[in-house]
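Here is a chain to look at.

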Amino acid sequence: MLKYTFSELLIFVKVFGSANFFVLGGHISNAGDMFRENQVKLSLNSSPVIFGNIVELACTTESNLTNELQITWTVKENDANLCVNGDCSNPKKYSVFQKDAYTYILRINNFSMNDVNKWYRCFVGNVSDEIPIYLDDQNFEYHPNESEITVNTERKDGYLNVEIVIEQVFPYPVCTFKFDGLDVSSAVTTSNWHNGLFYSIEFVIKDYFVGYTSATLNVSCKIGKNDIHVVSQDFHKSVNSEPMSDEANSEINLIVVAVIANSLLILTGVVLFMCAESHCTKCCKRKTPDNRYHEFENNYSTSPL
């Protein structure tokens, strides 16, 4: 009887031990699944990033228990907390909303130079992910506003002169200049220089003949992935008041000088002739016996003296 009792006890211990191992194993397995489900992925939702606009970061986890975990957004460079569970240090700059059960969005308003070239982190509980937001030509754009564009234009005697300065732009733009449908881009001289993280650019058109009809100068630029209209300038119909060229002026001056010289010569000839005539008249007189003067007849007269 003791033998059977011992055997039954041994069976009971084995069964109990197996059951506990199964339950404990289940807990270990569930903990492992939970750890895997709590993996976090941070990504940039905005593409391209346009300075001055809203930029969004998405923090995603496969866990559906995010409501029970603290959601924290930080900047890695100084470990400053931007937002904790939706409470943001600068509500005008940052805000957070839950997109779905697995995704939280950090919204950065009026994205500026102070927000770029940094690492951003998202924590879901104690698990986190981080991404860099670093300036590059493919994913970032700065579009100049009106106050950052200076335009000087002139059309005189059919010749167009243009000077346009863009104080800030990124990346380097490709611009098209059209004057009443005529592409004058080939007449543009461009110079550029760095202005902080961005570029400053000057466009110049000098003495390019476009005629006298009314027209509009339109300048548009491709900045990154976007086409931006930069300048629209109207020109009214004009008349030709172009001064003569130096060569034409020289020819006219020579003609005037020749006319004046010929006139002087003619005038001099007339004066000399009149003087000679007057001198001849005075000299060619003869005194007669009765003390009267008689002019000689001309040489062809047949009468005797």
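**Confidence, sheet and one serine**

In this predicted model, confidence is lowest in helix α1 (residues 2-37), with a mean pLDDT of 43, and highest in strand β11 (residues 140-141), at 97.

Q: What is the pLDDT over residues 9-37, and how many contacts does this stretch have beyond near neighbours in sequence?
A: The pLDDT there is below 50, and the stretch has five such contacts in the model. Where pLDDT is low, the predicted coordinates should not be read in detail.

Q: What makes β12 and β16 edge strands?
A: The open sheet has four strands in the order β12-β13-β17-β16, with antiparallel pairing. β12 (149-156) and β16 (189-195) each have a single partner strand, so one side of each lacks a neighbour in the sheet.

Q: How do you know that β16 and β17 pair?
A: Two strands pair if there are at least two bridges between them. β16 and β17 (residues 198-209) have seven bridges, in the antiparallel sense. The bridge partner of T190 in β17 is F203.

Q: Why is S200 called buried?
A: Buried means under 20% relative accessible area. S200, which lies in strand β17, has 3%, so S200 is buried.

Q: What makes the pair S200 and N195 a polar contact?
A: The cut-off for such a pair of N or O atoms is 3.5 Å. The side chains of S200 and N195 are joined at 3.2 Å, so the distance meets the cut-off. A polar atom of the S200 side chain also lies 2.4 Å from the backbone oxygen of E167.

Methods: Residues are numbered from 1 along each chain as its sequence is written. This is a predicted model: local features need pLDDT of at least 70, side-chain atom pairs count only at pLDDT 80 or more; totals for chains, interfaces and linings use all residues. Side-chain values use heavy atoms; hydrogens and water are left out. Helices (H or I, at least four residues) and strands (E, at least two) are DSSP runs, numbered from the N terminus. pLDDT is the predictor's confidence in each residue, from 0 to 100. Contact means heavy atoms within 4.5 Å. Buried means under 20% relative accessible area, exposed over 50%, partly exposed in between (1.4 Å probe, protein chains only). A polar contact is a pair of N or O atoms within 3.5 Å; within protein, one must be able to donate a hydrogen and the other to accept it, and residues adjacent in sequence count only if both atoms are side-chain atoms.
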